[in-house]
Each structure stands twice: as C-alpha cells, then as structure tokens.
Amino acid sequence: MQPDYLTIVMFALLGVMIFMMFRNGKKRKAEAAALQAKMVPGADVMTNFGLFGTVRAIDEAANKAELEIAPGVVVSIHRGAISRVVEDEAADAADESDNDAAELNGEPVDTDAPEFGERAEKPKTDN
C-alpha cells in the first residue's frame, strides 16, 4: 500500500497555515501592547480616521481618551480609535543624521532634490 502524498501535503499545508495564524496573532497583540505603552498624556497621536491630536487624559475604566486637536479644543474618543503614536522628531533626526553621515563619507548630498509631492523640473532639450 502506497502512502497518499496529496493528503500528506494537504495536512502539512494546514499545519503551516495554523502556525502562521498563531504567529500573526501574537505579533499583532505585541504591537497593540507597545502602542498602549507609548500612549501617555502628552503624546502626539493619529486616529484611524486621520485626526491628529495630543493625548490630554486617558480613562482606563471607560476606555476613552481625550485629545486636544487645536488649542482649547478637546474631543473624547474611544481608545481603540488611536492607530499610532506620531514621532516626528525621531524621523527628522534620522534624516539629518543620514545627510551628516553622507557628508562625512565624502558623498555629495542632493539638497536641490524636490520634496515629496513637488514637481521636478524637466530637463530642457535642444530640439
């Protein structure tokens, strides 16, 4: 009697899929815990619906957070609606350190490059 290779492969694929589901679940749970740890009063955050603000207070019992979206304007939202903590200073510092490292290595730094969203000038051709 020969083993049924198709059945063996199907069970192996099922096992791999179950393993990946558990692994992804653990990863998402760890990311959510890291987000909750960074979400403290004074942190700049972005909500799922694109609203930026600064956390003023967090109510653990009611699962709400108060965001200041403009000076003097405070809104109350569900804590789960906060999708990420915005860290602009770290990104700016990383960009500056990349330029500094390029200068130290003698590489030219292109400061005339267009920013994201800007149109680049087309080179003029002699036709």
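Okay, quick one to start: is Arg79 buried or exposed? Arg79 is buried, at a relative accessible area of 13%. Here, buried means under 20% relative accessible area, exposed means over 50%, and partly exposed is in between, using a 1.4 Å probe and protein chains only.

Before I go on, this is a predicted model, where local features need pLDDT of at least 70, side-chain atom pairs count only at pLDDT 80 or more, and totals for chains, interfaces and linings use all residues. Residues are numbered from 1 along each chain as its sequence is written, and side-chain values use heavy atoms, with hydrogens and water left out.

So, salt bridges. That's a side-chain nitrogen of Lys or Arg within 4 Å of a carboxyl oxygen of Asp or Glu. Searching the whole structure turns up three.

Back to Arg79: its partner is Glu60, at 2.7 Å from N to O. Arg79 sits in the loop between strand 4 and strand 5, Glu60 in the loop between strand 2 and strand 3, 19 residues apart. Glu60, though, is exposed, at 59%. By the way, helices (H or I, at least four residues) and strands (E, at least two) are DSSP runs, numbered from the N terminus.

Next up, Arg56 and Glu68, with their closest N and O atoms 2.5 Å apart. This pair links strand 2 to strand 3, twelve residues apart. Arg56 is partly exposed, at 42%.

Last, Lys38 pairs with Glu87 at 3.7 Å, N to O. Lys38 is in helix 1 and Glu87 in the loop between strand 5 and helix 2, so this bridge ties together parts 49 residues apart in sequence. Lys38 is partly exposed at 42%, and Glu87 is partly exposed at 41%.
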